Amino acid sequence: MPHAAATPPAGDLGRVLAQRERRFAAALLAPAFVALLATTTFPLLFLIGTSTFRMDLAMPFADGFVGLENYRTLLADDRFWSSLLVSLIYTASTVVLQVALGLALALLVMDMKRGQGWFRVVAILPVVLSPAVVGMIWRTFMLAPEFGIVDYLAINAGLGSQNWLGDPTLAMVSVVIIHTWQWTPFAFMVLLASLASLPEDIYEAARLDRASAWQRFKRITLPLLRPAIVMVVIMRTMVALTAFAAIFTVTGGGPGTATEILNLYAYRKSFTELSIGYGSALAVALLVVTILISGVLFAMRRAK
Amino acid sequence: MIAKRIRLVAVLAITLLFLLAWVFPILWSVLNSLKTDSDVLAYPPKLFFSPTLEPYRDVLFGSASILPNLVSSFVISIGTTIITMLMAVPAAYALARLRFRGKKFAGFYVLATQMLPPVGIIIPYFLILRNIGWIDTYQGIILIYLSFSLPFAIWLLVSYFEDIPFEMEEAAYLDGASRMKTLWRIIIPQVRGGIAVTIVFVFLNAWNEFLFAVVLSGNTVRPVTVAMFNFVSVEQTLWAKLAAVSVLAMLPVVILGIVAQKNIVKGLTVGAVKGGGRR
């Protein structure tokens, strides 16, 4: 710690005080760490355990230890690979859209002399809502054929009524848009906050040097904003990989498996098809994917 | 001059479009929740109509009342918040202020627990809670909610504890106050604001959770986010009522979000700053 408490007195007294401090710390940490061990580490070990079993709630008589069988099945499972692909498409497109739109809007709003307050308030609305409620609103009032506003606008724009959630491609586009709608304000707020904290005098100097707006953006703003952008990318990637409620309420993963991200596949396998063992293997695969992707992102963060 | 004006108008149009896009789905739900059944189905959609509170009366006091579900949501969220805070405040204090071996690892562990995908937690917990008969109970849901509320609350609180000057504690120790007394009398009052913000976010996250709730809820314990599904079925969607339920589910979190407005960025990015930035 950079700001550790005052140096303890030397000698026996110091040792006694340090020991007391350790005991006090242990007592304060114990309840939270017992709870965390019980609700995260223990289930993880349990999950790895169940992933080596055949465990079928619909056919319990066939249950038993199968070793790595579930993982062998997984590697040969087309639905697993397609759900992984859907996950990657969903994550990449929502994260890119959120950051691009959020950054663009933050830059525009930053230049506004009045009305910034409006954006700060309105941006809070989507991010505090439950993704389940957001999904429900979009599924019905926005996207329902002939009833939803989006479809109404599409009809009036001459595109005709579309089956927004029933067509595989449109359904994917819809769930990406819904996620982007809800979480762009997050990127916007974070990037606006870090834009506001950038030193003004650098821009002054750049203006005196007659640097164009684009040059100022590329040479000054973007490099200074990089840590914040990378942080937003990392956080949003982690969330998008385990997105659940908004897709579950809107399409349930369908039509077919068109919007079934890996997270949703693990859920459906475990709780709809009741194959807990195989579902556990899918959840472990999701954890591995999450760790791999975050490893890459953290490496990018360290690289200059 | 003209180019500048065109630019200004374009910027204004784009930003207003964003504002509208964010407000509209929420506003439209509110409007639909105030319509009669014929108004809600009108084509083209009606922006102006004579409002009614009928849908709210129906969903709150009608035959399929969601009042018990709102109660469920509040019990789960308040219960989660109380238990989380009781555990997180002492833990965060220790992580922020005390010296002990393994401190760095302890902090990292708290962060790392958030990597585990929720679906990987719910599968084992479903099996365990089923065995001990805790499906469809408050204790079952609240217990598993600690998996995400605790790491969040600990890290958010650590950032507030770190802001207090060390002189305060030292002065108290010199006066002969015990560690526990110092924590209660001197430190906690200093971070009252941070504790309030943390309470808001823990409540908000618990209120909004869905995956655990959908697996663990039943006829006794069913939060409003899950109960909402009663209003959409293959045969018919009860539009106005669904809108009313959505608004009721949104109301508490929107109020809390606006109350916590100044701290929202901090609340949303908690932990991320720690990952390697500040220390």
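## A pocket and a chain interface

Helix H3 (78–110), helix H8 (168–196), helix H9 (200–208) and helix H10 (213–241) of chain A each bring at least two residues to the lining of the second largest pocket. Welcome to this predicted model, where local features need pLDDT of at least 70, side-chain atom pairs count only at pLDDT 80 or more, and totals for chains, interfaces and linings use all residues. Residues are numbered from 1 along each chain as its sequence is written, and side-chain values use heavy atoms, leaving out hydrogens and water.

**The second largest pocket**
- Its volume is about 760 Å³.
- Of the 18 residues that line this pocket, Leu107(A), Asp111(A), Tyr203(A), Arg216(A) and Thr221(A) lie nearest its centre.
- H10(A) gives the most to the lining, with five residues.

**Where chain A meets chain B**
- Contact (heavy atoms within 4.5 Å) joins 96 residues of chain A to 95 residues of chain B.
- About 8400 Å² is buried between chain A and chain B, 82% of it on carbon and sulfur atoms; buried area is the accessible area (1.4 Å probe) that two parts lose on being put together, summed over both.

**Salt bridges across the interface**
- Two salt bridges are found between chain A and chain B, each being a side-chain nitrogen of Lys or Arg within 4 Å of a carboxyl oxygen of Asp or Glu.
- Arg179(B) makes a salt bridge with Glu21(A), with 3.4 Å between the closest N and O atoms.
- Helix H1 (residues 11–50) of chain A gives the most to the side of chain A that touches chain B, with 22 residues; helices here are DSSP runs (H or I, at least four residues), numbered from the N terminus.

Key
Chains are lettered from A and ligands numbered from 1 in the order in which they are written. On a 1 Å grid over the protein atoms alone, a cavity is a set of points where a 1.4 Å probe fits but cannot get out, and a pocket is an open set with protein on both sides within 12 Å along at least five of seven lines; lining residues have an atom within 4 Å of a point. Grid points are joined across faces, edges and corners, and a volume is the space filled by probe spheres set on the points.
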